[in-house]
Amino acid sequence: MRSPKDFFAPLAVGAPQPPRQIPVRPSRMIHFFDPGNEKMAAKVPDLAKKTDVLLGNLEDAVRADRKEAARAGLVSIAKATDFGRTQLWTRVNSLDSPWVLDDLITLVTEIGDKLDVIMIPKVEGAQDIHYVDRLLAQLEARAGLTEPLLVHAILETASGVANVEEIAGASPRMQGISLGPADLAASRRMKTTRVGGGHPGYLVRTDPVGEDLDEGRTTYQQDLWHYTVARMVDACAMNGILPYYGPFGDIRDVVACEDQFRNAFLLGCVGAWSLHPVQIDIAKKVFSPSPADVAWARRVIAEMGDGTGAVMIDGKMQDDASVKQCRVVVELADELAATDPELAAAYDAATKEIQS
Ligand SMILES: CC(=O)SCCNC(=O)CCNC(=O)[C@H](O)C(C)(C)COP(=O)(O)OP(=O)(O)OC[C@H]1O[C@@H](n2cnc3c(N)ncnc32)[C@H](O)[C@@H]1OP(=O)(O)O
Ligand SMILES: CC(=O)C(=O)O
Ligand SMILES: [Mg+2]
């Protein structure tokens, strides 16, 4: 355990100062692409104009015999592309794999100045983050980087979930955590075969109305991921880092994808992964507060004055606590609107309408 006094000291001579705050930048969708896939790589400059985060994936979904090509592809793409405001992230291979050491050495050395965040899969506990933390400091020092790279963990092992609070606080580099429902299901020995989303067999049923146990009993499908997402959100909030829902593998089912993303948004997540271009706009819509909610929140803040006491607005009691919730919505809306004129106009129009 490091002393709190040492927490912000660089872990290698010549490495940049560790961050004291995680920069808050839009990250409604983390869009995955395989940098070794020429068709996908060709789309990167256009995707950079409409995504918050582009992530060059080197881990699962990249075939073993394409790992080197993916790594080399990411280096070329990062060097050749102007990403504008869009962040560039990568997901390296897992810490027990034969590729991860070369992934980290190559990427930090070649494109450490272009990368914002390195996603680490299959994190089991704080020890995994400590290993990456020190190695990154050594590589940053050698590459002469002036800004520290941030680290994002995927929550996709049973022990990772059991240790999620210590993972979230393991390093000042920790930027956030994503749910990894596919590997997590396997690690827990859940009996699902899907990548995220629900399952029709996971349900509750209303009580029987008479002797017939089959008659008139409605069933309600439940969310398999509620417990883990809620726990991840708390672990992130208590450590000042950002929680994300991960992938939704049924690309065709854009309706259920939107539902799953919205559940995560309402529970506190700031974004989700998009695996296919059709999921980009879903994430953008869901993880931007709605104009109606923003207008309402602005009205509550205005009517609550200094934010203390209680008032009635349209039959609903508002007090110090509801103002805090409204501020969360308005702060997010303002951050997103600052780089999105269309969203800014929609928020202002809804605010004018509610005032009239
Ligand atoms: C559990 C986990 O770890 S999840 C994270 C790991 N998984 C991933 O990263 C998967 C990323 N996504 C993909 O590999 C692909 O989207 C697939 C395999 C799911 C589907 O790919 P395809 O069968 O090519 O889909 P589809 O035919 O609808 O694609 C349409 C076009 O979009 C492109 N495209 C598809 N996905 C992406 C993407 N993620 N980024 C950029 N372009 C993409 C295709 O190359 C195709 O291009 P074209 O019109 O020039 O031919
Ligand atoms: C996201 C991920 O890697 C998983 O679900 O396994
Ligand atoms: Mg995984």
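**Entry 1: ground rules**

I count a residue as buried under 20% relative accessible area, exposed over 50% and partly exposed in between (1.4 Å probe, protein chains only). This is a predicted model, where I take local features at pLDDT of at least 70 and side-chain atom pairs at pLDDT 80 or more, while totals for chains, interfaces and linings use all residues. Residues are numbered from 1 along each chain as written, chains are lettered from A and ligands numbered from 1 in the order written, and side-chain values use heavy atoms without hydrogens or water.

I began with Pro98, which counts as exposed at 66% relative accessibility. I found Pro98 in the loop between β3 (87-91) and α3 (100-111); helices (H or I, at least four residues) and strands (E, at least two) are DSSP runs, numbered from the N terminus. From Pro98 I looked across to Thr351, 253 residues away along the chain, and the separation of their C-alpha atoms is 54 Å.

**Entry 2: the largest pocket**

Next I went to the largest pocket, which holds about 1000 Å³ of space. My pockets and cavities come from a 1 Å grid over the protein atoms alone: in a cavity a 1.4 Å probe fits but cannot get out, a pocket is open with protein on both sides within 12 Å along at least five of seven lines, and lining residues have an atom within 4 Å of a point. Points join across faces, edges and corners, and the volume is that of probe spheres set on them.

I noted 41 lining residues for the largest pocket, with Phe265, Pro289, Val328, Val329 and Leu332 nearest its centre. Helices α9 (254-267), α10 (278-286), α11 (291-303), α12 (320-337) and α13 (341-355) are the elements that each give two or more residues to this lining. The largest share is from α12, with nine residues. By class, I wrote down 24 nonpolar, nine polar and eight charged residues (Ala, Val, Leu, Ile, Met, Phe, Trp, Tyr, Cys and Pro are nonpolar, Asp, Glu, Lys and Arg charged, the others polar, Gly among them).

Why does the largest pocket lie between domain 1 (4-286) and domain 2 (291-355)? Because both domains give residues to its lining; their bounds come from an automatic or database domain assignment.

How many cavities of 30 Å³ or more does the structure hold? I found one. About 60 Å³ of space lies in the largest cavity, and its lining divides into eight nonpolar, no polar and four charged residues. Among the lining residues I picked out Arg2, Asp133, Glu140, Pro172 and Arg173.

At 5% relative accessibility, Arg173 counts as buried. The Arg173 side chain reaches the backbone oxygen of Leu149 at 3.0 Å.

**Entry 3: two positive phi values**

Lys122 is not a glycine, yet has a positive phi of about 55 degrees. I placed Lys122 in the loop between β4 (117-120) and α4 (126-143), and its relative accessible area of 22% makes it partly exposed.

Arg189 is another residue other than glycine with a positive phi, near 60 degrees. Arg189 lies in the loop between α7 and β7 (203-205), and is exposed, with a relative accessible area of 64%.

Is Pro35 buried or exposed? At 5% relative accessibility I count Pro35 as buried. Pro35 is in the loop between β1 (29-33) and α1 (38-47). Pro35 and Lys67 are 32 residues apart in sequence, with 9.7 Å between their C-alpha atoms.

His276 is partly exposed at 34% relative accessibility, in the loop between β10 (272-274) and α10. From His276 to Arg252 I noted 24 residues in sequence and 9.9 Å in space, C-alpha to C-alpha.

Note on methods:
Polar contact = N/O pair within 3.5 Å; in protein donor to acceptor, adjacent residues only side chain to side chain.
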